[in-house]
Amino acid sequence: MSTYTVDVYAFFVNGAFPNINIHRIKQDITNANNVWKGCVKFVIKGLYFSKNKIVNAASIPADKVFRNRQIESLIESVRNATGNKVGIYVLYLSGDYLAEGRGKRVIGVGGTELVHFKKSMDYELFGHVLLTDKADGRYTLAHEFGHVLFNRYDITQHRFIHDDPSGPYFNSQIGKTDFAHSNNRKNLMFPISPSVNPMVTSQQCQLAKSSKIVRIQNHNIDEDYDLRKIN
Ligand SMILES: [Zn+2]
């Protein structure tokens, strides 16, 4: 039977001790794998620790975070360490919330970056996610993984979209339709992901499996990962 896997690389710039961070990402990955069980499996491939770099989430506006120079350079350093492998790159920041931008009290953000694009079915992406300390113990990483895996090129619209097939979410307070999120509060992709047993639908699972970031493997999965310090 084939397994759909996603390689995960994490860089900790939150100032916590390495053993605490290892425990934390293992918990996040366990939570993500529980939610996405029978669909995709997330596998830790590399854990990177900074000697002395601490990045405070409050210094990063929650708006265009991946266009922020500091964030871009951190992701680039992990990409260099992995040799630009396809996967999802997760940055663990210090502090509770990102600075106000797109939203208030943001504890996680996820998206993708295009590496190259030849044609509608032939392109390469990698995923990136930011998490704050407040995302600890929640399903935030599992939710951000959803945003990453839903990102795809849409042939009819001739552009990249990341619509959630269980969406859209309708925000009645501001009267806005949000195509990236689910309207079902029990669903993982509800704007504020449920804190117990979030569910994903079979349409969400099918879409996630079709992501360019997913690898299809027919053999046992190697659970060994790279562990090192980078600057
Ligand atoms: Zn979201």
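Student: Hi! Where is Arg152 found?
Tutor: Arg152 sits in strand E6, which covers residues 152–154. Keep in mind that this is a predicted model.

Student: Is Arg152 buried or exposed, or something in between?
Tutor: Arg152 is partly exposed, because 18 other C-beta atoms lie within 10 Å and a residue needs 20 or more to be buried.

Student: Which residues does Arg152 touch, leaving out those up to four places away in sequence?
Tutor: Arg152 touches Phe160, Ile161, Ser210 and Ser211. Take Ser210: it is 58 residues from Arg152 in sequence, but their C-alpha atoms are 8.7 Å apart in space.

Student: Let's zoom out. How many helices and strands are there in the protein chain?
Tutor: The protein chain has 4 helices and 11 strands. Its radius of gyration is 17 Å, close to the 17 Å that the globule rule gives for 231 residues, so the chain is as compact as a globular protein of that length.

Student: And what share of the residues is buried?
Tutor: Buried residues come to 38% of the 231 residues. As for contacts between residues at least 6 apart in sequence, 70% join residues at least 24 apart.

Student: Which residues touch the most other members of the largest nonpolar core?
Tutor: Those are Val8, Ala10, Ile88, Val90, Leu91 and Leu131, out of 55 residues in that core. Several elements supply at least two residues each, including strand E1 (3–13), helix H1 (18–35) and helix H3 (140–150). E1 gives the most, with 7 residues.

Student: Tell me about Leu131. What does it touch, again skipping residues up to four places away in sequence?
Tutor: Leu131 touches Val90, Tyr92, Leu93, Ile107, Gly108, Thr140 and Leu141. Thr140 and Leu141 are also among the buried residues of H3.

Student: Oh, H3 again. How many of its residues are buried?
Tutor: In H3, 11 of the 11 residues are buried, so this helix is largely enclosed by the rest of the structure. Even His143, Glu144 and His147 are on the list of buried residues.

Student: What covers the buried residues of H3?
Tutor: The cover includes H1, E2, E3, strand E4 (108–119), E5 and H4.

Student: At what angle do H1 and H3 pack?
Tutor: The angle is about 60 degrees, and the axes are 8 Å apart. H1 and H3 are therefore oblique to each other, and their crossing is right-handed. Asp28, Asn31, Ala32 and Val35 of H1 make the contact with Leu141, Ala142 and Phe145 of H3.

Student: Which residue has a positive phi of about 60 degrees although it is not a glycine?
Tutor: That is Asn84, in the loop between H2 and E3. Asn84 counts as partly exposed, with 13 C-beta neighbours inside 10 Å.

Student: And what is phi for Arg105?
Tutor: Phi of Arg105 is near 50 degrees, again positive in a residue other than glycine. Arg105 belongs to the loop between E3 and E4. Arg105 is exposed, because 12 other C-beta atoms lie within 10 Å and the cut-off for exposed is 12 or fewer.

How values were computed
Residues numbered from 1 in each chain as written. Predicted model: local features only at pLDDT ≥ 70, side-chain atom pairs only at ≥ 80, totals over all residues. Rg over C-alpha atoms; globule rule 2.2 N^0.38 Å. Contact = placed C-beta atoms within 7 Å. Core = buried A, V, L, I, M, F, W, Y, C linked by C-beta atoms within 7 Å. Axes fitted to C-alpha atoms, helices over the stretch in contact; angles between N-to-C directions. Parallel < 35°, antiparallel > 145°, perpendicular 65-115°, else oblique. Left-handed = near helix turned anticlockwise from the far one by under 90°.
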